[in-house]
Amino acid sequence: MTTPGTLKRKNNTIALITKEGTKYVPVNQVKRLYVFSEVNINKRFLHFVSKYGIPVHFFSKQRRYIGSFLPRKTNLSGHVLVKQVETYLNTQKRLYLAKTFVEGSIRNMSLILRENGVDNSNVKAGLTKLKQANSVQEVMGVEGTARLEYYKGIDSILHGSFIKRTKRPPENWANSLMSLGNMMFYAEVLGEIYQTQLDPRIGYLHSTNLRKFSLNLDIADIFKPLIVDRLIIAMINKKEITEKDFEANGLKLSDDSLRKFVKKFDEKMETKVNVGKRRVTYSTIVRMEAYKVEKFVLSDEEYRPYVGR
């Protein structure tokens, strides 16, 4: 939603009421709602979307993530929660998970650079340093260094549009677009984790602290190069989005361009790729990744991160 209005339940449809009129969408055709405008909603509507497992993600006028309404978890497990906490408190197990998350991230960042004809040796060097890391803090340092090298390569791919990675706030339109994509993807991963028995508040690479959620950040780091960065590279280099699509000193994506980006983002999440003998969507792959973490937490089954092709 980019237009102010009201969201209501109308039989088995979601009704979007605006000054221009009312649009109806069958609830079984909706997987998630992204709200970028001022909306009125009531308890009846939230109960309706919760019944169908539809998360509602809210963003500010500046396209900053505010928070999410997530359907009530029906598969809560005290046993899984206890095992998650035990894994977090076990220094070696937590270090193993943190290293594996970063390994997946580095391998996928290297892939993006290679497929765009950019030298990835400085990023891949992080894999050697990762083996030598003896603490989660050192692992995060390795990840941070590799990502800095990766963003240099991204700027080369985008022909100088990126310059360097900046956030809170982003310093130019390309960074603003990447921040938006990342925030949407964090919310997406959070929604997929909610389909498992895992508690998203307990992360292993990103420390469990005063932030509400950490595990979605851990898993998202693996996939951001494959989903968010690939999408942004394609849209910028095809000139589907340019600096002219941004308002507010070049940092806020216009409503029309926002709708275009969200549509492309959704298409990317529903893109099917080969996983073994199956073809599954990226949404499914992200959920499968969460299940793999859950298996490690419960039974110490080896966890290997998803790496793209």
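Figure 1. In β6, H57 is the bridge partner of Y34. The model shown here and in every view below is predicted. Strand β4 runs parallel to strand β6 (residues 56-59), and 3 bridges join the two. The sheet is open and has 3 strands, in the order β4-β6-β7, with mixed pairing. At its edges stand β4 (33-35) and β7 (65-69). Each has a single partner strand, so one side of each lacks a neighbour in the sheet. From one strand to the next, the twist averages 20°. Helix α6 (residues 173-193) lies across β4, β6 and β7. The helix α6 runs at about 20° to β7.

**Figure 2. The open sheet β3-β2-β1-β5.** This sheet has 4 strands and mixed pairing. The edge positions belong to β3 (21-26) and β5 (39-40). Each pairs with a single strand, so one side of each is left without a neighbour in the sheet. Strand β1 (residues 5-10) and strand β2 (residues 13-18) run antiparallel, joined by 5 bridges. Within this pair, K10 stands opposite T13 in β2. Helix α1 (residues 43-51) packs on the sheet and touches β1 and β2. The direction of α1 makes about 60° with that of β1.

Figure 3. Strand β10 (residues 272-275) is joined by 4 bridges to strand β11 (residues 278-281). The two strands run antiparallel. K272 stands opposite T281 in β11. Between the strands of the hairpin there are 2 residues. G276 takes a positive phi near 65°.

**Figure 4. Packing of helix α4 on helix α5.** The axes of helix α4 (residues 121-132) and α5 are 8 Å apart, and the helices pack at an angle of about 175°. This makes α4 roughly antiparallel to α5. On the α4 side, the contact is made by N122, V123, G126, K129, L130 and Q132. On the α5 side, E138, V139, V142, A146, E149 and Y150 take part. By class, the contact of α4 with α5 has 6 nonpolar, 3 polar and 3 charged residues.

**Figure 5. Helix α5 against helix α7.** Helix α5 (residues 136-157) and helix α7 (residues 215-237) have axes that come within 12 Å and cross at roughly 15°. The angle is under 35 degrees, so α5 counts as roughly parallel to α7. The crossing of α5 past α7 is right-handed. From α5, the contact residues are E143, R147, Y150, I154 and I157. From α7, they are D221, K224, P225, D229, I233 and N237. By class, the contact of α5 with α7 has 5 nonpolar, 1 polar and 5 charged residues.

**Figure 6. The aromatic pair Y96 and F296.** The model has 11 aromatic pairs. In the pair shown, the ring centres of Y96 and F296 are 5.1 Å apart. Their planes stand at 25°, so the pair is stacked. Y96 lies in helix α3 (residues 91-115) and F296 in helix α9 (residues 282-299). The pair links distant parts of the chain, 200 residues apart.

Terms used
Residues numbered from 1 in each chain as written. Predicted model: local features only at pLDDT ≥ 70, side-chain atom pairs only at ≥ 80, totals over all residues. Heavy atoms only, no water. Axes fitted to C-alpha atoms, helices over the stretch in contact; angles between N-to-C directions. Parallel < 35°, antiparallel > 145°, perpendicular 65-115°, else oblique. Left-handed = near helix turned anticlockwise from the far one by under 90°. Contact = heavy atoms within 4.5 Å. Nonpolar A, V, L, I, M, F, W, Y, C, P; charged D, E, K, R; others polar. Pairing = 2+ DSSP bridges. Phe/Tyr/Trp six-rings, centres within 6.5 Å; stacked < 30°, edge-to-face > 60°.
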